[in-house]
Amino acid sequence: MKIAFLINNAYGIGGTIRSTANLSAAFAERHDVEVVSVHCFRDAPALSFDPRVRVTSLIEMREGNPGHEGDHQLAKLPGTMFPYTGATANLAYTALQDERIGGFLARTDADVVIATRPDLNGYLARDGRRRYLRVGQEHLSLDQFEEPLRTNQNNAIAGLDAFVTVSEADAAQYRAALPDVTTTIVCVPNGVHASAVEGSSLDSRVIVAAGRLIPIKRYDRLISAFAKVAAEHPGWTLRIYGRGPEKASLREQIERLGLSDRAFLMGPVSPIETEWAKGAIAAVSSDMESFGMTIVEAMHCGVPVVATDCPHGPGEIITDGQDGLLVPLSGDVDAFADGLKRLVADPALRRKMSGEAREKAATYAPSVIARRYEALFDELSRKRRRTLAGGSTALVRRLSRTVRPRPAAPTALPGSTPPPAAHARATAEGGLTVLLKVAELPAGPLDFVLRLRRDPAKREVRLPVLPDPDSPDTGARVTLHRAEHSLAEGRWDCYVAPRGNGSGTRLTARLVEQAPLLGRSIAVRESDGVSAWIPYTTADGFLALRTWLRPAHAEVERIEAGERSVSVTVVVHGLASGAGVTVQAVSRTERAYDFSVAARPAGADSFRFTVPYEEVMARRTGEQDLWDLRLSTADGTIPVGRISGDIVERKKTDVVPATVLDHPERGSTRIRPYFSATNDLALSARDVEDD
């Protein structure tokens, strides 16, 4: 059968897109599948769609593309479908959407069309054809919609063959609200595939949460609860992944609670499963969850989840005390903190729940969910045939084949292969393993090549690509051992090239696993000093390796920013003697503005120092002044920064609170310690315009 999904934007990373990618891939095992994106914003989807699934679009929105339609005449006219505030990129509803969506629904030869959002359900009900099954999905909940959207979608449901929610509770609410509607209203949860990443070790002492930074997710509750955890368990940290309008207020809350060095806003990450694997505990603090894809994603990685027992999803997924913990909403912050502390304090319970969580997650495999949809299609077809008895013979014949599988149409050109992509894993000893698919590689013997970016000497490292012993017929691999390679500090790009020569082909990143780097000690060798490697995905999707190599290094262990100073605790690696250590603030303007402060021992190989902001204020010279912090020793200076762990760019995640002071000549000055592009600690003093 041919199945078409209609989605506002297939090019983002939201839950609806992830669900569509997972389900369409499962359908592609037996059916011809197309995902139709109303708008096209990128050259390729941010999430990976199965190569057997055709991804097409109706409106070209890529600026600079010859077919760009942002200025189309119909885009200047209002649309006729009810507005939905979750529509793509806050675009206005226009007549161009009416024309393109209506045109697709009129001409498609699909046997089933699945709409994925309220506005698209409206189009499917109004402009869809009875020659195919019209199935609407709702990824949110009835209670989350305000008027008039709630009434508009409820009216549209009557024009569909089926309306699918992702929780049983929500399906029951819709049935109760629409007692006279004959449309089949049923729950089929989202499919969530098992990840190819290695599961969590459960000993990272990291609590992970992920989702849109919006009020209903109640990350403010999570941060307040974590403050209580942090007070009793100083080794634990919190990571929140995602973007959204609540970012600034959450940052303010983190700073107000003194958690800037313990709680981190990580920004959006895709794919997210590599980040779940870094967690010892996952947290869902929402007031409402229509389903909870993040819960199942974490469970697939063996991470037990602490979730509010909110409507509707968590309670239908988690069995309290068995594969996770459900926290009553009525208990608010204290109850959530108690749930977190219970798992933080009990490693054995985390391990027990981990196995149960994996078993529960398997019941949400996309292949299982696809079968439930196929059963629904079969039921709808029988229902139609019964109502059409004595009706159109042609239509009855068409419906009789609705659930008959047929092979998916090929989407790649004959003889073409996808670009080579790498699955990279940091190893426990800090090295790197790269897994490749033979079918994606050029023919002939190959080398894996690392090239130092923007290097005048054009340094590179070559290693032979060998068959993967775990799958020698289909896979290949290469491993870089830290003990065998000394990589200069910088960023190394990854290629496959013909054995022994050639520029080769740059590798895209399929998955990059960094979890083994959490909590790992910095490597120090007599031959080359202090080093650290972090594999990562570049902004344009390629595999790269960030490296540091220094004779000695001062790793920042703790930062405490006050209103008039900042105190820093560091652990020094590669230093022969700690005698006579001071701290230099090195001006990027000129040496005349350098200054130094004392450093005092704070334990074995560790020091603590305080930088008074009055020293910074006394050396203001321009609109923005910058100083790099260095330890000064008898053998020279040592960089101060954070190069251990898994974070390539600390300036985006490890945000230190700023303070504003008055300068007698320059006026208000904002002083902020920050991590530079090399993850070294620096100070910024910038003019602030007075209101």
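Predicted model: local features only at pLDDT ≥ 70, side-chain atom pairs only at ≥ 80, totals over all residues.
Begin by selecting helix H6 (residues 219-232) together with helix H7 (residues 247-256). Their axes lie 10 Å apart and pack at an angle of about 15°. Angles under 35 degrees count as roughly parallel, and H6 and H7 are therefore roughly parallel to each other. Viewed as a crossing, H6 passes H7 in a right-handed manner. To see the contact, display Tyr219, Asp220, Ile223 and Ser224 on H6, then Leu250, Gln253 and Ile254 on H7. These contact residues comprise 4 nonpolar, 2 polar and 1 charged.

Turn next to the salt bridges, of which the whole structure holds 56. Select Glu69 and Arg100, whose side chains meet at 2.7 Å, N to O. Glu69 belongs to the loop between strand S3 (54-60) and helix H2 (95-107), whereas Arg100 lies in helix H2, so the pair ties together parts 31 residues apart in sequence. Glu69 is buried, at a relative accessible area of 15%.

Proceed to Asp161 and Arg134, which form a salt bridge of 3.3 Å, N to O. Asp161 sits in the loop between helix H4 (149-157) and strand S6 (162-165), and Arg134 in strand S5 (residues 133-138), 27 residues apart. Asp161 is buried, with a relative accessible area of 12%, and Arg134 is likewise buried, at 8%.

Now select Arg462 and Glu460, whose closest N and O atoms are 2.8 Å apart in a salt bridge. Here Arg462 is partly exposed, at 24% relative accessibility, and Glu460 is partly exposed, at 36%.

Finally, display Arg218, Asp220, Arg221, Asp287 and Asp332, which salt bridges with shared partners join into one network.

Note on methods:
Residues numbered from 1 in each chain as written. Heavy atoms only, no water. Axes fitted to C-alpha atoms, helices over the stretch in contact; angles between N-to-C directions. Helix = DSSP H or I, 4+ residues; strand = E, 2+ residues; numbered from the N terminus. Parallel < 35°, antiparallel > 145°, perpendicular 65-115°, else oblique. Left-handed = near helix turned anticlockwise from the far one by under 90°. Contact = heavy atoms within 4.5 Å. Nonpolar A, V, L, I, M, F, W, Y, C, P; charged D, E, K, R; others polar. Salt bridge = Lys/Arg side-chain N within 4 Å of Asp/Glu carboxyl O. Buried < 20%, exposed > 50% of the residue type's maximum accessible area, 1.4 Å probe, protein only.
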